[in-house]
Amino acid sequence: MAGSGEGRLAGSLSIGARVRWQEREWEVVAWQGSQVTLLPQETEEAPRAVAYRWLVGSEDFAVLSGGGAPAADGTALDGWGRQEGREEEAALWQARMVEIDTGLAPGRSEHARGFGPETTLAQRCAAMSARLAADGVRCSAHTLADKRRKWKAAGENPVVLLPAARDKRAGGFTDPRCLTAMQDVVARRAHESDVTIELIREEVEDLLHSRYDEELGDPAAVAALLPSRSTFYLRMKESGLADILDQPTRARAALASTPPLPHGGREVVLRPGQVTQVDTTPLRILARGDDGRPTSTEMTSLIDVASHSMCALMITPSRPRDAESGQAGQATRAIDLTLMLAQALAPWPVMPGWDPLSAAATSSLPFGALRAADERFTEATAARPVIRPELIIYDQGSPYVSEHFTEVCDRLRIARRPARKKTGPDKSLVEHSFTTLAHRFSQYVRHGWQGRSHKKRGRGIERMPLYTIAELQQMAQEWVALEYQQTPDAGLRNPFRPQVALSPNDMYAVQVARSGYRAVPLSPAQNRFFLLLRWVVPGKSGFMINYRTYQPVAQDAAHYREILLRGGSKLPGAEDKWECRFNPYRPERVWLYGHTAGTWVTCDFRLRHLLHDPWTADMWQEHAEQHRAAGGSEQDEEAIALSLAQRDRRRRSRRPPPKRTGAEPPFQGLELETEQPSHDPYAGLKEFDLSTLRPYPALPISPLAPPSAAAPPALPSGTGGAERPSDSGQAPHPLAALFPDDGDDSPPEASAAGTSAAADEVVEAELLDDLGPDGDDGDEGEGDVWEM
């Protein structure tokens with residue numbers, strides 16, 4: 001499906017598009033089911049309805065220009081369709097045109113005066129113009145002749161004879177710049193006391209001068225933008241600004257904070273991902289927190305408007321700040337939203353223990369076509385479609401308006417539109433999904449379900465065995481694939497079978513057959529841009545994030561040296577800082593981005609070997625605050641790491657916790673593939689036949705030949721000391737080829753000489769502080785090496 005021509009054209013062919021078909025230019029004015037209505041652009045012919053496959057299958061078919069947002073209201077056919085309430089007028093004009101064309105009026109056998117057989121067409125048009133003038137209708141003979149030509153070109157359709165209704169232009173002939181200034185001045189006065197329209201007019205005049213004096217260059221031309229006093233009052237009343245001034249201050253402030261239109265209402269959505277809605281709500285399910293105690297939860301869901309499919313969902317712990325201990329609160333953050341967005345762009349795997357019916361292969365999804373278009377669809381894929389959002393309608397909470405979430409949406413080319421504050425209908429679909437979730441999913445979570453209100457809450461909820469956040473996440477994903485996506489919805493109908501209610505998966509199968517599917521898999525390097533951004537200053541000993549030192553791993557030491565040699569990133573506003581991405585739920589590894597070469601430098605926490613159990617940035621901050629309260633410093637990373645390690649040791653060595661809570665795994669968010677898969681050096685090699693192996697013949701050795709001396713290990717080329725053997729008799733450092741020797745005879749430190757260069761081992765760069773053009777600064781007492 002992804003590579004077909006129809007799938008490619010479905011994304012660009014929409015209402016208002018101009019196409020080339022049958023060596024002519026047409027405009028798409030309607031699209032219903034498989035029928036596309038085309039309007040010719042060069043002649044005055046009637047519209048033509050053709051089948052979609054016949055249209056795009058033509059050899060000369062091409063999309064010349066894309067149209068606007070697809071619409072199904074048929075507004076482009078207002079002049080061609082049936083106009084309500086004007087049937088009598090159309091029939092009257094039809095009779096007049098028939099009499100002009102044939103000389104006989106419909107239903108009559110005798111010619112009227114001036115319409116005989118000997119008269120010409122021009123004479124009949126003049127006679128009809130005189131008759132209309134006698135009836136009080138002014139219509140010249142030339143106008144009647146033009147009407148007759150349009151009438152004949154349209155197949156004698158009387159609708160083209162009716163005068164088109166003219167929409168009254170908003171603002172009349174007042175300059176649009178003046179209308180914009182009026183709205184800006186009224187919005188500025190939203191939080192102040194009420195004023196009169198006369199004062200608004202004075203401020204509008206001042207605003208016009210401040211904006212357009214330099215552009216127009218003449219104060220008189222700027223003054224001409226402002227209408228007269230009476231017209232200004234009329235425009236204030238017509239635009240509703242006068243009524244806004246009469247409202248209370250609170251109402252005016254609420255209107256001023258409303259985002260620009262459009263929002264809310266019924267949008268025409270024809271393809272998956274065209275419009276999506278996202279929101280966060282309390283889940284009313286208690287879960288087991290990081291400390292083993294009950295904690296509240298929140299859920300964020302992304303709903304596709306076209307198919308009502310749940311693109312992604314995420315459950316996070318929610319707790320307020322503890323006033324006694326000073327422990328920070330926790331809720332949904334920007335990193336959670338970006339991880340959820342990455343989850344929507346990839347198929348869900350079927351986890352062990354799930355119902356077999358939750359697989360995509362057993363659902364109503366077009367599994368065969370999706371598998372052919374996207375290799376990520378396998379037999380172990382859950383029954384939830386992969387939908388790439390084009391527009392997200394979001395709540396105005398702090399995570400949604402954060403810089404990080406905005407940056408990720410811009411990178412993925414996802415448009416964003418805010419909903420109005422305290423206005424549920426703007427994202428009614430996702431609001432309704434929360435009610436569905438409470439009725440159809442939460443009630444099955446018996447251990448932790450608090451009920452829809454305090455009056456209906458069960459007894460002893462806090463004493464029950466509770467699930468962890470990760471377990472609730474998997475349970476919710478199974479419920480979505482097994483029940484939500486496969487349950488018929490009364491709001492989903494097929495236009496060819498409107499009597500049958502479809503499920504979200506059924507509706508997706510209907511829509512994807514027309515719009516097509518294009519797989520957009522993201523590599524681990526692209527997934528790293530979903531993580532949080534920090535600007536760091538790399539140094540010879542690494543760099544710090546939240547007082548944790550990170551150093552490059554062995555295989556990326558060369559790239560890290562290139563970054564150090566460059567000095568600074570030279571990016572606008574960054575100066576000497578470089579871009580770094582890290583996941584606060586898994587902070588033991590971060591990635592430094594070199595924009596000059598487009599490479600990633602993998603860096604590990606310097607004290608990672610002390611922390612064997614999972615840990616998060618929140619846990620690190622908690623122990624840092626405890627260490628500071630005890631008189632220590634937040635910059636003492638060794639003490640904080642030991643305190644965090646002892647916490648896990650105490651948990652494993654003490655008595656097992658009661659059955660109510662079980663283990664205490666930390667919440668580490670959603671999984672995101674950021675590690676580059678290792679390359680198999682034996683991949684692609686043919687199987688070797690051992691039967692073809694023959695022994696090598698032994699060479700004769702003379703008993704008088706002296707024994708061969710062991711050759712010293714040679715250093716790699718470019719080290720500056722390839723001719724000098726190692727003084728200690730050991731092999732040189734594996735990274736010695738990356739740093740030129742200073743010329744001194746001092747051997748490397750023992751710790752650097754006896755340690756192997758493992759792939760995931762952290763190394764520390766002992767570079768010179770002031771690197772010169774040739775790689776040294778003249779200091780003979782310090783070697784340019786890497787200590788292990």
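Asn546 counts as partly exposed, at 34% relative accessibility (between the limits for buried, under 20% relative accessible area, and exposed, over 50%, with a 1.4 Å probe and protein chains only). The model is predicted: local features need pLDDT of at least 70, side-chain atom pairs count only at pLDDT 80 or more, and totals for chains, interfaces and linings use all residues. Residues are numbered from 1 along each chain as its sequence is written, and side-chain values use heavy atoms, with hydrogens and water left out.

- Asn546 sits in the loop between strand 15 (543-545) and strand 16 (548-552); helices (H or I, at least four residues) and strands (E, at least two) are DSSP runs numbered from the N terminus.
- The phi of Asn546 is near 55°, a positive value in a residue other than glycine.
- Tyr547 is also found in the loop between strand 15 and strand 16, and its phi is near 65°, again positive in a residue other than glycine.
- Tyr547 is partly exposed at 37% relative accessibility.
- Most residues other than glycine have a negative phi.

**Whole chain**

- The chain has 22 helices and 21 strands.
- Of the 788 residues in the chain, 39% are buried.
- The chain exposes about 43600 Å², of which carbon and sulfur atoms supply 52%; accessible areas come from the Shrake-Rupley method with a 1.4 Å probe.
- Among contacts between residues at least 6 apart in sequence, 64% join residues at least 24 apart, where contact means heavy atoms within 4.5 Å.

**Helix 3 and helix 4**

- Helix 3 (residues 87-102) packs with helix 4 (residues 121-134) at an angle of about 145°, and their axes are 9 Å apart; axes are lines fitted to C-alpha atoms, for helices over the stretch in contact, and angles run from 0 to 180 degrees between N-to-C directions.
- Helix 3 contributes Trp93, Arg96, Glu99, Ile100 and Asp101 to the contact, and helix 4 contributes Leu121, Arg124, Cys125, Met128, Arg131 and Leu132.
- By class, this contact of helix 3 with helix 4 has six nonpolar, no polar and five charged residues (Ala, Val, Leu, Ile, Met, Phe, Trp, Tyr, Cys and Pro are nonpolar; Asp, Glu, Lys and Arg are charged; the others, Gly among them, are polar).

**Salt bridges**

- The structure holds 29 salt bridges, each a side-chain nitrogen of Lys or Arg within 4 Å of a carboxyl oxygen of Asp or Glu.
- A network of salt bridges links Asp101, Arg148, Lys152 and Glu156.
- Glu671 and Arg586 meet through their side chains in a salt bridge (3.4 Å, N to O).
- This pair links distant parts of the chain, 85 residues apart: Glu671 is in the loop between helix 21 (637-653) and helix 22 (750-753), and Arg586 is in the loop between strand 17 (578-582) and strand 18 (589-594).
- Glu671 is exposed at 69% relative accessibility, whereas Arg586 is partly exposed at 23%.
- Arg608 and Asp604 form a salt bridge with their closest N and O atoms 2.9 Å apart; Arg608 is partly exposed at 32% relative accessibility, and Asp604 is buried, with a relative accessible area of 0%.
- Arg371 forms a salt bridge with Glu379, with the closest N and O atoms 3.0 Å apart, and Arg371 is partly exposed, with a relative accessible area of 40%.

**Arg201**

- Arg201 lies in helix 7 (residues 197-216).
- Arg201 is buried yet has no salt bridge, and the nearest side chain of opposite charge, Glu198, is 4.8 Å away; Lys and Arg count as positive and Asp and Glu as negative, with His and the chain ends not counted.
- Not counting residues up to four places away in sequence, Arg201 touches Leu226, Pro227, Ser228, Arg229 and Phe232.
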